Amino acid sequence: MLSTLARTATRRPLTVILLWLLFLLLGFGLGTGVFGRLSDDVPDVPGTESQLAEEYLSGLDPTGETVTAVVAGEPVSDAALRAQVERAVAEVREIAGVAAVPDPYATPGLTARDGQALIIPVTFEGGLDDDAEEEATDAAAERIRQIEAPDVHVSGGELLGRQLGERAQEDVKNAELISLPVVLALLLVVFGGLRAAALPLVIAVSGIAGAFLALFAFSEVTDISVYAIQVTTMLGLGLAVDYALLMLVRFREERRHTEDVVAAVHRTVAAAGRTVLFSGLTVAVSLTGLLVFPSVFLRSMGLAVAAVVVIDMLAAVTLLPALLTKFGGKIPPARVRPDREEGRLFARLARFAARRRIAVVATVVPVLLVLALPVTGMTINIGDAKQLPTSTEARQLYDTVDAHFPPGTGVSPITVVVKPGTDPATAERISALSGAESRQLPGGTTVVEIQPPGSVDGKAATDLVERIRDLRGDEPVEVTGVAARLVDFREMLAERAPWAAVTVLAGIFALLFAFTGSVLIPLRTIATTLLSLGAALGVVVWVFQDGHLAGLLGAEGLGSLSLTAPPLIVAIAFGLAMDYELFILARMREARERGEDDQEAVVTGLRRSGRVVTCAALLLAVVFGAFMTGGFSPILQIGLGLTLAVLIDATVVRMLLVPATMALLGRRAWWAPRPLRRAHDRFGLTEAPTAPEPPVPTKV
C-alpha cells in the first residue's frame with residue numbers, strides 16, 4: 001500500500017497537490033460552518049433514566065428554551081431604570097415565539113436584596129423550528145440590551161451555544177496565529193532552511209482543514225460540543241507537524257545516499273511512512289475506546305478526532321511525498337556526522353540508563369507514581385459558568401448574579417416525574433422534601449421540582465438525586481435535571497471504562513506486535529505509557545481540582561474536573577505516547593536488522609530518534625500551549641494534561657525508562673512464542689530494506 005501511494009505521489013505530484021488543495025478549500029469554506037452548530041450540552045447519555053424522563057416530559061409538556069438577562073450597576077428602584085425595564089419586558093412579551101416574561105419587580109427572587117440588580121428570564125414557546133427560535137432569541141436579547149444600565153448581560157439557551165461558538169472560533173484563530181509562527185521558527189532551527197521548514201506547516205494547515213471538515217460532517221448527524229473544535233484542531237495541527245517532521249528528517253537522510261529525489265521519496269515513504277502509518281493507527285485505536293461509551297459527546301469526539309488523525313496520516317504519506325517530488329531537490333541532505341557526534345547526548349542517556357537500569361527504574365517509577373497519586377481523589381462535574389473565560393457574556397452574567405443574589409439563584413432544579421400508578425405514600429414522601437414544588441400535567445402525571453442546595457452539580461445535589469431514587473423503590477418515578485444527568489454520566493463512565501480499556505489495550509497490543517514481532521515490547525510499552533499518563537493526569541487534578549498554581553494559567557481551583565477532560569486526556573495522550581515509542585522502536589528495529597546486538601540497537605535507536613522525538617514533543621507542547629490561551633477551563637485541563645503527558649513521555653519515559661527496561665529484558669525483549677512468530681513473519685507488515693549507512697568521515 002505504501003509503495004503504491006509513493007508511486008502515485010511521485011508520478012502525478014501535481015494531481016495529488018491539486019486534490020489536496022480542493023480539500024483545503026472545502027475545509028476552510030464548508031467546514032468552518034461548524035462554528036455555528038456548536039453545543040454546550042455535553043452530559044446527555046441516550047437510554048439513561050434522566051434522558052428518558054426528559055423525553056417523557058417533552059412529550060407531555062413541550063416547553064421552549066429560556067434565556068436569562070441581568071441588569072445591574074445602579075439601584076433598580078431608580079424611576080428611570082424601572083420605566084425602561086418595564087417597557088422592555090412589555091415589548092419582549094409581544095415578540096413572536098416568546099411564551100412568558102415575568103415582571104422582575106413583582107416576582108419574588110428576581111430583584112436582588114441589595115437593590116443593585118434584577119433578573120429577567122425569557123421563556124420561549126415549545127415546538128419552534130430553529131429559524132423561528134433563533135429569530136425570537138435575537139429579538140428578545142437585542143431589546144433587553146437597549147436598557148441603559150452599567151451592566152446588561154444576556155445569555156443561556158440557544159444564545160449561549162452561539163456565544164460559545166463565536167468565542168471558540170476566536171480562540172482557534174488566536175491559537176493558530178500564536179502557534180504557527182513559533183512552530184515555523186522552531187522548524188527553521190531544526191532544518192536550517194525555509195523550504196524544509198515550510199512543508200510541515202502545509203501539512204499542518206491540511207490537518208486544520210480536516211478538523212473543520214470532519215466536525216462539520218459529524219454535526220449533520222449529532223451535536224458537536226463547543227470544546228470539540230479546539231481539541232480536534234490542536235490535535236490535527238500538532239500531529240500533522242509531528243508526522244511531517246519525521247518524514248522530512250528521513251528524506252534528508254535518504255538524500256545522503258542518492259541524488260535521485262524520486263528514489264529518496266520512495267525510500268522515505270517505505271521507511272518513515274510505515275512508522276507514520278502505524279502511529280496514526282495507534283492513535284485512532286486509542287480513540288476507539290471512546291466509542292464504547294454510549295455518550296453522544298464522547299462518541300462524536302472519538303470519531304471526529306480519529307478522522308482528523310487519519311487525514312493527517314494520509315497527508316503525510318501522499319501530499320508531502322508529492323511536494324517533495326516537486327520541491328525536494330532544493331532541500332539539502334542531512335549533514336553527515338561521525339557516530340561519536342550524531343545524537344551523542346541521547347546515546348549517553350541510553351548507555352547511562354542501560355548501565356544503571358535498576359537504579360533508573362527504582363527512581364523514575366516511584367516519582368511518576370507519586371505524581372499520579374491525586375488521581376485517586378479525582379471527581380468530575382458538569383461545571384458552571386466559572387469554567388468560562390471572564391470575557392464571555394455567560395461568565396459575566398454568572399458573576400453578576402453571584403455578586404448580588406443568594407447562593408443557588410438560577411441553579412437548575414432536580415425534576416421528579418411521578419407517573420400515574422405511583423403509590424400515593426411514595427409521592428407524598430417525595431413532595432414533602434425540603435423546597436419541593438409540585439404541578440400537575442395532563443394524564444395524571446405529577447412533576448415535582450426541588451431546588452438543590454449549593455451548586456447544580458455539587459455533592460449535595462447528586463446526593464439528593466440518589467436519595468430520591470432510593471425513596472421511590474420500584475414505583476414508576478423518574479428523576480431528571482442537570483444533577484441527575486451527572487449521576488447517570490458518572491455511572492456510565494464507571495460501567496463502561498473497563499470495557500473501553502480492554503478494547504484500547506488489545507488493539508494497541510495487536511498493532512505493536514505487528515510492528516515489532518514481539519509480545520514483551522507491547523506489554524512494556526503499555527506499562528510505561530500508563531505511568532506517564534497517570535502522572536500527567538495527577539498534575540491536572542492537583543492544579544484544577546485542588547487549585548494549586550491554577551492562577552498561573554489564568555484559572556482557579558474548581559473542586560473537580562470537567563467531565564469532558566479525563567476521558568479525552570486518557571484517550572488522546574495514550575495515542576500520542578505511542579507516536580514516540582514507534583519512532584524509537586523503528587530505529588531500534590532497523591539497527592537490529594543491520595546486525596547490531598540488542599544492547600547497542602537500543603542505543604542506536606535513541607541516538608537516531610532522540611532529536612526527532614524531542615523536537616516533536618516540543619512542537620506539540622507549543623501547539624497545546626497556544627490553545628490554552630483561550631481561557632476555557634476544560635480546554636486548559638485538556639491542554640495541560642496532553643502537554644505534560646507528551647513532555648513526560650518524550651523525556652523521562654522514552655529517554656530513561658525505555659532503555660532501562662529494554663536493558664532489563666535483554667534479548668527477551670524481542671521474544672514471541674513460535675506460533676506468533678511464524679504468523680508475524682508471514683502476515684506482519686514489513687518495509688523495504690534501508691540503504692546502508694554512509695562511511696563515517698574523518699572530518700566534519
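A word on the ground rules: residues are numbered from 1 along each chain as its sequence is written, and side-chain values use heavy atoms, with hydrogens and water left out. Because this is a predicted model, local features need pLDDT of at least 70 and side-chain atom pairs count only at pLDDT 80 or more, while totals for chains, interfaces and linings use all residues.

Strand β2 (residues 66-72) runs antiparallel to strand β4 (residues 117-124), and seven bridges join them. Strands here are DSSP runs of E with at least two residues, helices are runs of H or I with at least four, and both are numbered from the N terminus; two strands pair if DSSP finds at least two bridges between them. The β2 and β4 strands belong to an open sheet of four strands, ordered β3-β4-β2-β5 with antiparallel pairing. At its edges you will find β3 (98-100) and β5 (151-155), each pairing on one side only. On average, neighbouring strands of this sheet are turned by 30° against each other, direction ignored.

Now for the helices. The axes of α17 and helix α20 (residues 633-665) come within 7 Å and cross at roughly 145°. Such axes are lines fitted to C-alpha atoms, for helices over the stretch in contact, and angles run from 0 to 180 degrees between N-to-C directions. α17 passes α20 in a right-handed crossing, a crossing being right-handed if the near helix is turned clockwise from the far one by less than a right angle, and left-handed if anticlockwise. The residues of this contact divide into 18 nonpolar, seven polar and three charged. In these classes, Ala, Val, Leu, Ile, Met, Phe, Trp, Tyr, Cys and Pro count as nonpolar, Asp, Glu, Lys and Arg as charged, and the others, Gly among them, as polar.

Helix α11 (residues 344-355) also passes its partner, α19, in a right-handed crossing. Their axes lie 8 Å apart and the packing angle is about 135°. That makes α11 oblique to α19; angles under 35 degrees count as roughly parallel, over 145 as roughly antiparallel, 65 to 115 as roughly perpendicular and the rest as oblique.

Finally, look at the spaces inside. On a 1 Å grid over the protein atoms alone, a cavity is a set of points where a 1.4 Å probe fits but cannot get out, a pocket is an open set with protein on both sides within 12 Å along at least five of seven lines, and lining residues have an atom within 4 Å of a point. Grid points are joined across faces, edges and corners, and a volume is the space filled by probe spheres set on the points.

The second largest pocket holds about 650 Å³. Of its 26 lining residues, Phe-293, Ala-497, Pro-566, Pro-567 and Val-570 lie nearest its centre. α16 (482-516), α17 (520-545) and α18 each give two or more residues to this lining, and α16 gives the most, with nine. By class, the pocket lining has 22 nonpolar, three polar and one charged.

The second largest cavity holds about 90 Å³. α18 gives the most to its lining, with four residues.
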